[in-house]
2 protein chains.
Amino acid sequence: MKPTIHVISTGKQTKEEFSEITRIIHEYVDFIHIREKSRTALEVAEIVETLIGKGVPLRKIIINDRVDVAEVTDVYGVQLAYHSLSVHHVKKNFPNLRIGKSVHSVDEAIIAEKQGADYLLFGHLFHTASKPDLFPRGVSQLKQLTEQVNIPVIGIGGITPHHSPHVFRAGASGIAVMSGILQADDPLADVKEYRNRIEEVQYGAEL
Amino acid sequence: MKPTIHVISTGKQTKEEFSEITRIIHEYVDFIHIREKSRTALEVAEIVETLIGKGVPLRKIIINDRVDVAEVTDVYGVQLAYHSLSVHHVKKNFPNLRIGKSVHSVDEAIIAEKQGADYLLFGHLFHTASKPDLFPRGVSQLKQLTEQVNIPVIGIGGITPHHSPHVFRAGASGIAVMSGILQADDPLADVKEYRNRIEEVQYGAEL
């Protein structure tokens, strides 16, 4: 399976800023997550419309938490957190949506897989400015987790291009990056660097 | 049509406090709105479960804004605000839910009806502590509005038992009350007083 890159919105950028960066980078990434906790349902739906207008395909868009917005905008899927509706409920009522579940332990991962999650987001793996007080779970716990579940696991949290090979070697199917791309001086250059490092792993050219 | 009483949660009470008052009053009211803007999807779903546990029928429960939670919990309907998904989108994707739309003008009301809203919430009608800086729209604007639309209109905003007859005479089908019931010293006594005043209007016994 081709390794994937997920880009997750920061919740701090304007709609214009986020969508303009997305326009530039979307061809080099696999999924764009709209994770805008302080925005209303209508605003999130408007962001989807804006991204579509910038040429981002619907199949690349994932919406955080708001299952209703994901359903009416017909995007690829929804990312559920601990405070969201359960995977079980969403699976049953929204069969057209792919369901990603954010997990923080092997136990949570196993439950999410049983409930029907299509993939997992696990982290955070490394030190990150967005969660300065949390001790990173690291790639060893990631490896344990990927050995216990059969669905794809995406690593998240402080992943630099340099880290990416370790994340994939621990069994992850993808990486998720937030500020590392969206708040970079040159987001396109950064995306390409992540992509290059990933392809080095894939084709065994890294060492 | 029987006049209805809607009780709307304050967003300030604990789940326990709100559900306990609801247990006491629900037989005397027609709809209970869960309007808890600062709560997560999971918390709102848990409130629904708690209300069901207290004997409140699903057909009396309306959820504010979170269409997804309304769908998975199978409640009566959803109340949409200006920042929510559009009536049109919700109607198309969630055919099982009744849709209430909050409006603040005749124009908004006409649009909401055209888009398929099942009823309207219009206000605020009178001075209310929750919106101290807004000038109340009053019953005369309510009357204009009820003459322009065919779907039921529920009045909201500072409605006391004393006001209720005026609201119904202006063509409203119901009243919505928040703190006037939920933060009353004796919520059950207050509900009964609203109910009595409404029945006086209905049976022409008020004058």
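These legends describe close-up views of a predicted model. Local features need pLDDT of at least 70, side-chain atom pairs count only at pLDDT 80 or more, and totals for chains, interfaces and linings use all residues. Residues are numbered from 1 along each chain as its sequence is written, chains are lettered from A and ligands numbered from 1 in the order in which they are written, and side-chain values use heavy atoms, with hydrogens and water left out.

View 1. Helices (H or I, at least four residues) and strands (E, at least two) are DSSP runs, numbered from the N terminus. Strand 3 (residues 61-64) of chain A pairs with strand 4 in the parallel sense over 3 bridges. Pairing requires at least two DSSP bridges between the strands. Ile62(A) stands opposite Gly77(A). On the strand 5 (residues 98-103) side, 4 bridges join the parallel strands. Here Gln79(A) has Gly100(A) as its bridge partner.

**View 2. Two crossovers in chain A.** Strand 3, helix 3 (residues 67-73) and strand 4 of chain A form a right-handed β-α-β unit. The chain then crosses from strand 4 through helix 4 (residues 87-93) to strand 5, and this β-α-β crossover is right-handed. Right-handed means that, with the strands pointing away from the viewer, the path from the first strand over the helix to the second runs clockwise.

**View 3. The barrel of chain B.** In chain B, 8 strands make a closed barrel in the order 1-2-3-4-5-6-7-8, with parallel pairing. The twist averages 25 degrees from one strand to the next. Axes are lines fitted to C-alpha atoms, for helices over the stretch in contact, and angles run from 0 to 180 degrees between N-to-C directions. Helix 5 (residues 106-115) of chain B lies across strand 5 (98-103) and strand 6 (119-123), at about 165 degrees to strand 5. Helix 9 (residues 187-202) of chain B packs on the sheet, touching strand 1 (4-8) and strand 8 (174-177). Contact means heavy atoms within 4.5 Å.

**View 4. A tilted aromatic pair in chain A.** The ring centres of Phe31(A) and Tyr76(A) lie 4.9 Å apart, with planes at 40 degrees, so the pair is tilted. Rings of Phe, Tyr and Trp (its six-membered ring) pair if their centres lie within 6.5 Å; planes under 30 degrees apart count as stacked, over 60 as edge-to-face and the rest as tilted. Phe31(A) sits in strand 2 and Tyr76(A) in the loop between helix 3 and strand 4, so the pair ties together parts 45 residues apart in sequence. Phe31(A) is buried at 13% relative accessibility. Tyr76(A) is partly exposed at 23%.

**View 5. Backbone exceptions in chain A.** Most residues other than glycine have a negative phi, and most peptide bonds are trans. Asp65(A) is not a glycine, yet has a positive phi of about 70 degrees. Asp65(A) lies in the loop between strand 3 and helix 3. Asp65(A) is buried, with a relative accessible area of 10%. A cis peptide bond joins Gly123(A) and His124(A), with omega about 0 degrees. His124(A) lies in the loop between strand 6 (119-123) and helix 6 (138-148).

Key: Buried means under 20% relative accessible area, exposed over 50%, partly exposed in between (1.4 Å probe, protein chains only).
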